[in-house]
Amino acid sequence: MPLVVEDVMRLLCSVSEAKQMKAAVKHSGRGALVTGAVAFVGGLVAGPPGLAVGGAVGGILGAWMTSGQFKPVPQILMELPPSEQEKLFRQVNDIVRNLDWTDAVQLTMLVMGSEALQQRLLALLVGYVTKELHAEVQYGD
């Protein structure tokens, strides 16, 4: 039976839910913007000493704002644009292509019953989340 993108996304959601995967997408651009803005305001208000203090305060504030904003991986997967879902679909299809299954439910049961298949899909997910989304992956609570 041919796979469809939605079935693959549900399969990946099942695998990542079983391992309680979360990811923190880093917002380094936003942190840099805050750091620069606070340093600029500090420089305008107090001259060179204000620039130094503003840079330090802005750096701390920017780091705090961008740290540890974890979201469940299934939520991230379902929010991906169709082009990114298609990219994941092709990679998953390469892994499950030789399995004997009749529908998406049976495919999910086959994968969830095989630690080796789960590990391959988890490795694919971790690679995608870290390389493509530049996020940090965390397991469990």
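In this predicted model, Val25 stands opposite Ala135 of strand E3. Strands here are DSSP runs of E with at least two residues, helices are runs of H or I with at least four, and both are numbered from the N terminus. Strand E1 (residues 21–25) pairs with E3 in the antiparallel sense over five bridges, where pairing requires that DSSP finds at least two bridges between two strands. Helix H6 (residues 115–131) packs on the sheet and touches E1 and E3, its direction making about 145° with that of E3. Angles run from 0 to 180 degrees between N-to-C directions, and axes are lines fitted to C-alpha atoms, for helices over the stretch in contact; contact itself means heavy atoms within 4.5 Å.

The sheet is open, with three strands in the order E2-E1-E3 and antiparallel pairing. Its edges are strand E2 (70–72) and strand E3 (135–139), each of which pairs on one side only. From one strand to the next, the twist averages 35°.

Turning to the helices, H1 (residues 5–18) and H5 (residues 104–112) pack at an angle of about 30°, their axes lying 10 Å apart. The two are therefore roughly parallel to each other, a label for angles under 35 degrees. Asp7, Leu11, Ser14, Val15 and Ala18 of H1 make the contact with Ala104, Leu107, Thr108, Val111 and Met112 of H5.

Residues are numbered from 1 along each chain as its sequence is written, and side-chain values use heavy atoms, leaving out hydrogens and water. Because the model is predicted, local features need pLDDT of at least 70 and side-chain atom pairs count only at pLDDT 80 or more, while totals for chains, interfaces and linings use all residues.

Notes. Parallel < 35°, antiparallel > 145°, perpendicular 65-115°, else oblique.
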